[in-house]
Amino acid sequence: MSNSTRTPQEAALEASLGVRFSDLSLLRLALTHRSYAFELGLDHDNERLEFLGDSILGVTITSELYNRLPDAREGRLAKIRAATVSTKSLAKVAALIDLGQAVRLGVGEQKTGGAAKPSILADTMEAVIGALYLDQGLEVVRPVILNLFEPLLRDIATRNASLDYKTSLQELVASTQPEQPTYLISERGPDHEKEFTATVVVAGEELGWGTGPSKKQAEQLAAAQAYITLNTRLRSA
């Protein structure tokens with residue numbers, strides 16, 4: 001394939017972003033996962049671009065929140081920013097533009113569904129942002145970021161519950177009883193690919209369950225489920 005000839009996946013991704021890369025090699029580097037680079041013996045992958053993109057994304061979202069929410073305190077701004085640029089949020093944005101169809105993965109990673117893994121989607125999304133910044137500068141990448149993340153920003157900024165569901169659940173439980181939620185954790189899998197399951201118990205009742213690659217993520221998912229269940233009960237009581 002010619003260096004200037006786009007694959008259908010690359011062209012579709014550019015269309016979704018609303019840009020056309022001047023240096024196509026930057027886009028391809030952003031789409032090169034380390035598993036692909038390793039299997040082909042390449043000496044480069046997208047991790048440096050991911051590092052750069054993380055910073056560009058962070059400053060863009062931070063400045064937007066600062067201007068959009070003039071009355072929000074530092075703590076709330078920090079929570080909203082963290083929720084907006086989290087792995088879950090980045091993976092959601094990446095899925096909306098079918099980024100998984102364009103990412104270049106090693107055979108082993110392909111077989112295990114790497115194109116749909118939140119961590120890979122999130123990292124690649126950051127790498128693409130980094131590549132676009134190098135290719136066309138902040139004036140171009142900023143509106144692209146804001147367009148991609150606008151639905152998330154709008155949803156997160158107006159959500160009634162705290163952005164930290166463990167805190168939300170704790171506050172909700174505290175308003176009805178003295179006993180605080182407790183979390184039961186189990187794990188399985190090898191050390192390099194652990195899967196954690198959390199069960200949250202409130203007043204002796206199991207109200208939520210969550211599974212994730214870390215205890216923190218599993219607990220947050222369990223807390224979110226418990227919060228929704230308990231809040232629905234209280235509203236209908």
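**Close-up 1. Lining of the largest pocket in the predicted model.** In this predicted model, 36 residues line the largest pocket, and those that lie nearest its centre are S86, T87, K88, S89 and Q217. The space within this pocket comes to about 1400 Å³. Sorted by class, its lining comprises 14 charged residues together with 11 polar and 11 nonpolar ones.

**Close-up 2. Helices and strand that contribute to the pocket lining.** At least two lining residues of the largest pocket come from each of the helices α5 (74–84), α6 (87–96), α8 (118–136), α9 (138–158) and α11 (215–236), and likewise from the strand β3 (205–212). Helix α11 gives the most to this lining, with 5 residues.

**Close-up 3. Packing of helix α4 against α8.** Helix α4, which spans residues 47–68, packs with α8 at an angle of about 80°, the two axes being 6 Å apart. Because angles of 65 to 115 degrees count as roughly perpendicular, α4 and α8 are therefore described as roughly perpendicular to each other. On the α4 side the contact is made by L49, E50, L52, G53, D54, I56 and L57, while α8 contributes D123, E126, A127, I129, G130, A131, Y133 and L134. Of the residues in this contact, 9 are nonpolar, 4 are charged and 2 are polar.

**Close-up 4. The hairpin of β2 and β3.** Strand β2 (residues 195–202) runs antiparallel to β3, and 7 bridges join the two strands. One of the residues bridged to β3 is V200, whose partner there is G208. The hairpin has 2 residues between its strands, and A203 takes a positive phi near 55°.

How values were computed: Residues numbered from 1 in each chain as written. Predicted model: local features only at pLDDT ≥ 70, side-chain atom pairs only at ≥ 80, totals over all residues. Heavy atoms only, no water. 1 Å grid on protein atoms, 1.4 Å probe; cavity = no way out; pocket = protein on both sides within 12 Å on 5 of 7 lines; lining within 4 Å. Points joined across faces, edges and corners; volume = space filled by probe spheres on them. Helix = DSSP H or I, 4+ residues; strand = E, 2+ residues; numbered from the N terminus. Nonpolar A, V, L, I, M, F, W, Y, C, P; charged D, E, K, R; others polar. Axes fitted to C-alpha atoms, helices over the stretch in contact; angles between N-to-C directions. Parallel < 35°, antiparallel > 145°, perpendicular 65-115°, else oblique. Contact = heavy atoms within 4.5 Å. Pairing = 2+ DSSP bridges.
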